Amino acid sequence: MIAEQGQNTIFTRVVAICAIVLLALVTGCGRAPDLIGIDNPEIPVASVKEATLQKVFLATTRQPTEVAGAFFSEKRAPELGLASVQVSVPPNRLPGELRRPKVLPPDPRKEYAVIDPVRYGTEAAFVRSVNAELARLPAGKRDILFFVHGYNNTTSDAVLRLAQFVQDSEFEGVPVLFDWASAASLIRYVYDLNSALIARPQVRELGRILDQTNAEGYDVFAHSMGAFLTMEAMVDQVQRGQLNKTKRLRSIVLASPDIDMDLFRTQIGEIGPETHRLFVLMSQDDGALKFSRRIAGGVPRVGASNAQELADLGVVAIDLSEIEDSASGNHSKFAGSPEVVKILGRGLNRSRSFDVSERPTHLQDMLRGIPITVVFR
C-alpha cells in the first residue's frame, strides 16, 4: 500500500513536470523577439507623432550583451547595472493591450518599440538623469514607481510590461524597473528562484542610489516571483535596521505573488509594523500559480490563496477572482484588465494624499460597482 502511494506521488510529479515542459515547448516557439534599440528605418519612432514616449529607467543584475534587441542577457552580473530606454507606446490601442511585434523591426504606428538604450557608467550619471525626469513633473507628483518583474521574463518583456502599465494606469511619476536575471524560460524555474535570491543585495544597493534622487516618495510594485524577491529584500532591510529610513516609502503592492504561504507568514513576522503598507492582488483562478504550487510540493501560493487568511496577517487583500476581462491572462490581471489597471493607477497617484491606514477605505470607495473584493483587518 505504501509502495503504491509512493508510485502514485512520483507519477503525479512526472505528469506535472511533463505538462510544464510541453507548455514550455508550445509557448517557447512563439516567444516574441527582443526589440530594445531596434528602430524601424522606414517608419522610425520619431515619425509617428501620435505615439507616446515613456522613459523607463533600469537597474539590473543581468550581464550586458551585444545581441541585437536584448540589451541585457539572462546571465547574472556581479554588480548592479544602470540604464534607461525610451518606449514608444502605439496610438489607438485599448487599455490592457500590449501590442508587441512578432517580427522585427516594429511598426510604431501599431506596435510597441523601444529605442535610445543608454547604459550609465556611474551612479551620479544615473541619479542626474532620474532627477531630470522628476523635475519635469510638478511638485507633489515627483514620485518613483519601483517595479520588480516576475519569473520567465527577458529585459524586453519587463520593460514593455512596465511601460504598458504606466501608460494605462496613468501613473504620474517616474518608473524604475528592477530587472533581475531571469532565464526567461518556463523550464528554468529553479534558476529564476536562485537569481531572485542572489539579487537581494542589489535591491538594497538600488534603494541607496534612489535615496540620492529628489523623489518625494516611492511606491513598490512587484509581480509574481518579483514579489518573492521584494519580500526577501524587505526582510533583509528590517534585519539591518534600514527599511524606510528616509520615510519616503508609501505602498508595496504584490501582484499575483509567487510565494510559499508558510514562508509569507514568516516574512510578515519579520517585517513587523511595516506590514500595513502591503497590498496583495490575488486571484484563485491563477493558472500559473497552480503550476507553481505543484512544483513546490502542493504548498499554496500567496497570489492564489484565501483573501481573509491574508487579511488576518495584517495586509490588504484585493481579490480579483471575479475579473475575467484580462488581455494578459489570469496571472497578469493587474496590467491586462482595463478596470484593474485604471484603479491601481488612481490608487498609486492618490497614495501620497492619504495616511496609509486610510487607504483600504478609499480603495473600497473606488471599487463600488466593480467585482473586486477588498479584505483587511
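## A walk through the salt bridges, strands and loops

The structure holds 23 salt bridges. Keep in mind as you look around that this is a predicted model. Side chains of opposite charge can pair when their charged atoms come close.

Let's start with Arg119 and Glu66, whose side chains meet in a salt bridge at 3.7 Å, N to O. This pair links distant parts of the chain: Arg119 sits in strand 3, Glu66 belongs to the loop between strand 1 and strand 2, and the two are 53 residues apart. How open are the two partners, Arg119 and Glu66? Arg119 has a relative accessibility of 37%, so it counts as partly exposed. Glu66 comes in at 72% and therefore counts as exposed.

Next, find Arg208 and Glu205. They form a salt bridge too, with the closest N and O atoms 2.6 Å apart. Where do they sit relative to each other? Both are in helix 5 (residues 200–210), and because they are three residues apart there, about one helical turn separates them. Arg208 is partly exposed, with 36% relative accessibility, and Glu205 is partly exposed as well, with a relative accessible area of 30%.

Glu133 and Arg136 form a salt bridge in which the closest N and O atoms are 3.1 Å apart. Glu133 has 17% relative accessibility; buried means under 20%, so Glu133 counts as buried. Arg136, on the other hand, has a relative accessible area of 65%, which makes it exposed.

Salt bridges can also join up into a group. Here, a network of them links Arg31, Asp34, Arg100 and Asp157.

Charges show up in another way on the surface. Which residues form a negative surface patch? They are Glu322, Glu324, Asp325 and Glu339. Glu322 has a relative accessible area of 56%, so it is exposed.

Now for the strands. Strand 1 (residues 52–64) and strand 2 (residues 72–89) pair in the antiparallel sense over eleven bridges.

Another parallel pairing is worth a visit: strand 6 and strand 7 are joined over six bridges. In this pairing, Phe221 stands opposite Val253 of strand 7. How many residues of strand 7 are buried? Seven of the seven residues in strand 7 (residues 249–255) are, so the strand is largely enclosed by the rest of the structure.

The phi of Phe71 is near 75°, a positive value in a residue other than glycine. With a relative accessibility of 7%, Phe71 counts as buried. Ser224 also has a positive phi without being glycine, with a value near 55°. You'll find Ser224 in the loop between strand 6 (217–223) and helix 6 (225–239). Is Ser224 buried or exposed? At 3% relative accessibility, Ser224 counts as buried.

Last stop: the loop between strand 2 and strand 3 (113–120), which is where Pro105 lies. Pro105 is joined to Leu104 by a cis peptide bond, with omega at about 0°. Leu98 is found in the loop between strand 2 and strand 3, too, and its 26% relative accessibility makes it partly exposed. From Leu98 you can look across to Ala255: the two are 157 residues apart in sequence and 18 Å apart in space, C-alpha to C-alpha.

Notes: Residues numbered from 1 in each chain as written. Predicted model: local features only at pLDDT ≥ 70, side-chain atom pairs only at ≥ 80, totals over all residues. Heavy atoms only, no water. Patch = residues over 30% accessible without salt bridge, like charges linked within 9 Å, V, L, I, M, F, W, Y side chains within 5 Å. Areas by Shrake-Rupley, 256 points an atom, 1.4 Å probe, with all protein chains shown as cover. Salt bridge = Lys/Arg side-chain N within 4 Å of Asp/Glu carboxyl O. Lys, Arg positive; Asp, Glu negative; His and termini not counted. Charge placed at Lys NZ, Arg CZ, Asp CG, Glu CD. Buried < 20%, exposed > 50% of the residue type's maximum accessible area, 1.4 Å probe, protein only. Pairing = 2+ DSSP bridges. Helix = DSSP H or I, 4+ residues; strand = E, 2+ residues; numbered from the N terminus.
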